[in-house]
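Please load the model in your viewer and keep a residue selection panel at hand.

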Amino acid sequence: MIEDILFEKIEQYETIIIERHERPDLDALGSQIGLKIALKDKFPNKKIYAVGDSSRRYNFLGSMDLIKDDEYINALVIIVDVAVGNMVSDNRYKLAKEIFVIDHHKNLCDITPNAIIDNTKIAAAELITNLLIDHNYFISKDAATAFYGGIITDSGRFQYGYSESLFETAAKLISFGANPKYIYDNIYVETLEERNMKIYFQNQIKIQNGVAYIKSNEDVFEKFNVEFQDISRGMVNLMAGVKEVEIWCNFTFDKNNDVVIAEFRSRNIPIVDVAKKYGGGGHSLACGATLKDFKEADLVINDFIELLKASNGE
């Protein structure tokens, strides 16, 4: 099995580099950092790195390693929480001797044939936790906390995923010493400035035929001194929990790349095929895409409106 081959490779290589997607969420970082800790505990003399762009919001889990290109030449790279090459944070993974992917999204892997993908898992952290347990790896309290953070956030605190196996995995992480309060205090307790920012974005919400959306241009980053994902991914669920809203979207202009980053969410209706239509992907009810401009965002909104009509038999 591909899982067994990966763990054989982990034993063989002296340098292991763990990567994930750019602009990481807590599942990407929790999976990456948790795996690094677990591998380092097992092999203290190996060189094991976690690389990629940093996240001020989630730096409480740990920092990224800064390494030279030469480290990749004879290295094993493990990419977590993403299977699409153009979304990987550090493209130096292409220099590695061997590459493996561990992911849970509904996208085909275009990076390597060595891919462990299970889209029945709510989080990459859930998948990696199970792989480590199955291969008799020790999971410390710090690794368990990192993995638990990934599960909590990608499941929306168990709103989007509540299978028996998921709760069994979460319970095992608690038994290993995971600290949920540490996670909650760092991601759900906010400053007064952050709360006021949410109020601002709530006032920007538009609703059209059951689809809610926010459009933000570069001016918002002059109003608020935050990272891009604090607005793009951070504000999308302000539109959740509204009875009249079935699907909601957040469109944020990325000045550095001259594109619009789109985040899509749905209460019940699968929406990932719309994301794929625009070159994106993700989960059935939570996904995203990179768009050319706000005109294309309007096309997405129309597609979601039509999807809602079809689901209602109109």
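**Stop 1: helix α1**

Select helix α1 (residues 2-12), in which E3, L6, F7, K9 and I10 are buried; buried denotes under 20% relative accessible area, exposed over 50%, and partly exposed in between, with a 1.4 Å probe and protein chains only. Viewed down the axis of α1, these buried residues fall within an arc of 155 degrees, so they line one face of the helix. The arc is that of the directions from the helix axis to the C-beta atoms. The face turned away from the buried side of α1 carries the exposed residues E11 and Q12. The cover over the buried residues of α1 includes β1, α2, β3 (76-80), β4 (98-103), β5 (115-117) and α3.

This is a predicted model, in which local features need pLDDT of at least 70 and side-chain atom pairs count only at pLDDT 80 or more, while totals for chains, interfaces and linings use all residues. Residues are numbered from 1 along each chain as its sequence is written, and side-chain values use heavy atoms, with hydrogens and water left out. Helices (H or I, at least four residues) and strands (E, at least two) are DSSP runs, numbered from the N terminus.

**Stop 2: T15**

Next select T15, which lies in strand β1 (residues 15-20). T15 counts as buried, at 8% relative accessibility. Not counting residues up to four places away in sequence, T15 touches K47, Y49, E71, A75 and L76, where contact means heavy atoms within 4.5 Å.

**Stop 3: α2 with α3**

Display α2 together with helix α3 (residues 124-134): they pack at an angle of about 20 degrees, with their axes 8 Å apart. Axes are lines fitted to C-alpha atoms, for helices over the stretch in contact, and angles run from 0 to 180 degrees between N-to-C directions. α2 and α3 are therefore roughly parallel to each other; angles under 35 degrees count as roughly parallel, over 145 as roughly antiparallel, 65 to 115 as roughly perpendicular and the rest as oblique. Highlight D27, S31, L35 and A38 in α2, which meet A124, A125, I128 and L132 in α3. By class, the residues of this contact of α2 with α3 divide into six nonpolar, one polar and one charged. Here Ala, Val, Leu, Ile, Met, Phe, Trp, Tyr, Cys and Pro count as nonpolar, Asp, Glu, Lys and Arg as charged, and the others, Gly among them, as polar.

**Stop 4: α2 with α4**

Among the residues making the contact are G30, G34 and I37 of α2 and A143, A146 and G149 of α4. The contact of α2 with α4 comprises seven nonpolar, six polar and three charged residues.

**Stop 5: α3 with α4**

Which way do the axes of α3 and α4 cross? They come within 8 Å and cross at roughly 140 degrees, and α3 and α4 are therefore oblique to each other. A125, E126, I128, T129 and L132 of α3 and F147, G150 and I151 of α4 make the contact.

**Stop 6: helix α6**

Finally, select helix α6 (residues 180-187), where P180, I183 and I187 are buried. Seen down the axis of α6, its buried residues fall within an arc of 65 degrees, so they line one face of the helix. The elements covering them include α2, α4 and α5 (164-175).
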